[in-house]
Amino acid sequence: MSYKSLRAFIDALEKAGELIRIKAFVDPVLEIAEITDRVSKTPDRNKALLFENTGTEFPVLMNAMGSERRMCIALGVNDLDDVTHDIEALFHKLSAPKSGLLEKLAMLPELGKFASYMPKVVSGRGACQEVVMEKPGLSKLPIIKCWPQDGGRFVTLPSIHTREPNTGVRNIGMYRMQVFTEDMTGMHWHKHKVSARHFNEYKKLGRRMPVAVALGGDPVYTYAATAPLPENVDEYMLAGFLRKKKVELVRCITQPEIEVPGDVDFVIEGYVDPTEELIWEGPFGDHTGYYSLPDWYPRFHVTAITHRKDAVYPATIVGIPPQEDAWIGKATERIFLTPIKMTMVPEITDMNMPVEGVFHNLVITTINKEYAGQGQKVMNAMWGAGQMMFNKILVLSDGVAGSGIKIDDYKNLARYVLNNVNPATDVYFSQGPMDVLDHSCSKMGFGGKMCIDGTRKLEEEISEPLIPYKMPAEFSKASIMTGFPEIKGVNEKLAREWGIPVLFVAVKKERPNHVRELHGALSGLPGMNGIKVVLYVEHTVNADDIADVLWRFCNNLDPKRDHCYGGADNNILGLDGTRKTKKLDDFDRPWPNIIVADEATIAAVDQKWDSLNMGKKIISPSLRYFTQLYGGGATVLDSE
C-alpha cells in the first residue's frame, strides 16, 4: 500500500485510533520531546502525536511509527512478518532452477512486476515544490530541540540524498542535522556511511557536493532511508517494493543533479563544500540512551527550501529505550532476515534485536545446527555482513522451533542458551569495527565483540558434561551484601526462580581492578557453583530492574577488555558493564551522561497537561533516572 502524502498516512492513523491531535501551543524546544517521551514509554497510551500549534505555520508529527501496529500501517501490512514472507517468496522464485523455456517465460510477469517498482524521474515540479520560500530560513520550520544538553535544534527525520560523483549512483541516508544559522546546519554522517564516502570523493575532485534533504511524504521513504542496504542498491527500489508502487522523483530547483520524491512535504536543498573547515557539532541525546559527544563534521549550506501547501513537519526523538526507533529497527530485523539467510548465512532460522540492546549492541540469532563449529562459522559470517559488523554481543541458539521456545521469549531462551554454555569454551571474544556512537570503546569506532554460543553441543565440542542449573542451598544474597559493602544490589531472581545461571551485581567501584578482584572473590564463595555469568553494573543502577540493567550493561561493556574469569575451574565469566574512568580504568575517552529531561521542562509540561486533551497526566519517565545522573552536563567528569 502506498500513501500519496504524509497527511494521507495521518488520516490512516487517525482512522485506526492511533493518533492524538494536540491543539494547545507546545514549544518545539524541549516540550514536544518531553510529551512524546512520556507517551512512547506508556504502552497503553502510546499513540502518534500531531502538534498543531507549534509557533510556526506547520504542525509537527511525532511518534508516527512508534509501535508495531503503526509500523505495520506505515508499511501497509497486517504483520511485519508479511514483508519477510514477500521477500522470501521473491528470492525463491528468482533462485529456483528453471529447467525449460516455459518455466523461464513464467518468470516474466514477476520480473515485470518488480521492474514496475523501480524509481522514475518525471518532468515538471512536484507537490513538494508547490511553495518555494522566497528567502529560505530554517527558523520558519518547527525544528525541535530534544534534550537539555543537546547542542541546539536538530532535524531528526531527514532523508539525505547524495550522488557518487564518478558513477552517479544515488544514496539516501538518515543523519541528524544540527541547526547553526538560518541557512547552515551540520551534516552528521559517520565515516562508515555511504554519504561520507561520497563526500570523500568530492573532496578528491575539489568540487562542491550537492545535497537534498527530504522530509515527510509516504512513511516508507523515511523507513528506506534508515535501511541497511548494500552500497549501490537504491533505497527507492526498496521503497517501491514495500509500497508496491514506483517512487516518482523530481529534480531539485537549485541542485538539479539531485532528485527527490515529488510528494514529500519539505525539501531542503543545498551543498557541502569539502574544502571548508568542519564545524564542532553536538552534543545530541542519541538512540543509545546516552549523549553522543561533540565532534567535527561537515557544514551543509541551504540554497532553497520548498514545501507542499499543506506540509506537516515530521520529527522523532531518540533516547533511553523504548522510543520510536525501536519499532523502525524491528521492521529492519524482519525485512532483512531473508536476505541475510538466503545470501550469506543459510542456516539462520530467526533473528531478534532486543530493545535494550539499542540495535547493534545485542543480537540473538537462531540456527539449524548440523555440525561442530557451526556456531563459530555463523559468528564470523554475521560480523562480516554489512552493518552487522557493528554488533557487540551476538547470542546463538538452535533447536528453538522444536522446543517450542519463541526467539522473543527471553526467559526460556536465556535458560536454554546458558544451559548449553561452558563459559570457558563457548564464549568467543574478538575485535573489529564498532558504531561511532559506542562510548565504551577505548578507541572511537574500534572495540571488542563477544559471541555466546548457546547451541546444543555435539560430541566434538564438549569438554565436560553440561548440567541444567539449580541454585545450591548454600547461596546467600544476604551474605554477599554483608561481606562486600561496595555491592549495592544483587539480583538472584533469574538464578533462584527461573533456573538461569546469571547474577546481576550493582557495585560502587573504588579502586583500579576493583571489579576483577571482586569477581574473583565472589566466584570462590559457597553457593556459586553452577553460576556461569555475573553482570556488573554501576551502583546507581537498580539491579532488580532487568531492562535497565541490560540497557546500561550493553552500552558500557567492551567485551574483550572488560571480561574476566573466576571460580576453581575458571568457568564463571565476569563482565564489567560499569562506567569507565581515567582514574580507575585508565580510560582516556570522555564518558557521556544518560539522557533525561530537565526539571523546568517537566514542570512546564505538567502545568499544561490538562490543555493537551490527553487524559490523565503521565508522569515523566526521566524522574526515575535522576539518581543515575553524574552532574548535569552531557559529559561526565572523571571526578563525578
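Twelve aromatic pairs are counted in this predicted model, where rings of Phe, Tyr and Trp (its six-membered ring) pair if their centres lie within 6.5 Å. Planes under 30 degrees apart count as stacked, over 60 as edge-to-face and the rest as tilted. A pair of aromatic rings is described by the distance of the centres and the angle of the planes. Trp280 and Trp296 form a tilted pair, with 4.9 Å from centre to centre and 55° between the planes. This pair links distant parts of the chain, since Trp280 belongs to strand S15 (residues 279–281) and Trp296 to strand S18 (residues 295–297), 16 residues apart. Helices (H or I, at least four residues) and strands (E, at least two) are DSSP runs, numbered from the N terminus. Trp280 is partly exposed, at a relative accessible area of 44%, and Trp296 is partly exposed at 48%. Here, buried means under 20% relative accessible area, exposed over 50%, and partly exposed in between (1.4 Å probe, protein chains only).

The ring centres of Trp551 and Tyr625 are 5.9 Å apart and the planes stand at 80°, so this pair is edge-to-face. Trp551 is part of helix H18 (residues 546–556), while Tyr625 is in the loop between helix H20 (599–608) and strand S32 (635–636), so the pair ties together parts that are 74 residues apart in sequence. Trp551 and Tyr625 are both buried. Ring pairs also join Phe58, Phe266 and Tyr313 into a cluster.

A charge sits over a ring if NZ of Lys or CZ of Arg is within 6 Å of the ring centre and within 35 degrees of the ring normal. The charged end of Arg552 sits over the ring of Trp551, 5.5 Å from its centre. Arg208 lies over the face of Tyr271, at 3.9 Å from the ring centre.

Helix H18 also contains both Trp551 and Arg552 among its buried residues, together with Asp548, Val549, Phe553, Cys554, Asn555 and Asn556. Eight of the eleven residues of H18 are buried, so this helix is largely enclosed by the rest of the structure. The buried residues of H18 pack against strand S22 (362–367), strand S23 (393–398), S27, S28, S30 and strand S31 (591–592), where contact means heavy atoms within 4.5 Å.

In helix H17 (residues 514–523), the buried residues are His514, Val515, Leu518, His519, Leu522 and Ser523. Seen down the axis of H17, these residues fall within an arc of 150°, so they line one face of the helix; the arc is that of the directions from the helix axis to the C-beta atoms. An α-helix has 3.6 residues a turn, so residues three or four places apart point the same way. The buried residues of H17 pack against helix H15 (477–483), strand S26 (487–491), strand S27 (502–507), strand S28 (533–538), strand S29 (563–566) and strand S30 (572–576). Ser479 lies in helix H15 and is partly exposed, with a relative accessible area of 49%. The C-alpha atoms of Ser479 and Thr581 are separated by 29 Å, at 102 residues apart along the chain.

Thr288 lies in the loop between strand S16 (284–285) and strand S17 (291–292). Thr288 is buried, at 7% relative accessible area. Apart from neighbours within four places in sequence, Thr288 is in contact with Gly319, Val358, Leu437, Trp551 and Asn555. Gly285, found in strand S16, is buried with a relative accessible area of 0%. Not counting residues up to four places away in sequence, Gly285 touches Trp147, Asp150, Tyr290, Tyr291, Val318 and Ile595.

The protein chain as a whole has 20 helices and 32 strands. Buried residues make up 58% of its 640 residues. Of the contacts in the chain with a separation of 6 or more, 73% are between residues 24 or more positions apart.

Residues are numbered from 1 along each chain as its sequence is written. Local features need pLDDT of at least 70, side-chain atom pairs count only at pLDDT 80 or more, totals for chains, interfaces and linings use all residues, and side-chain values use heavy atoms, with hydrogens and water left out.
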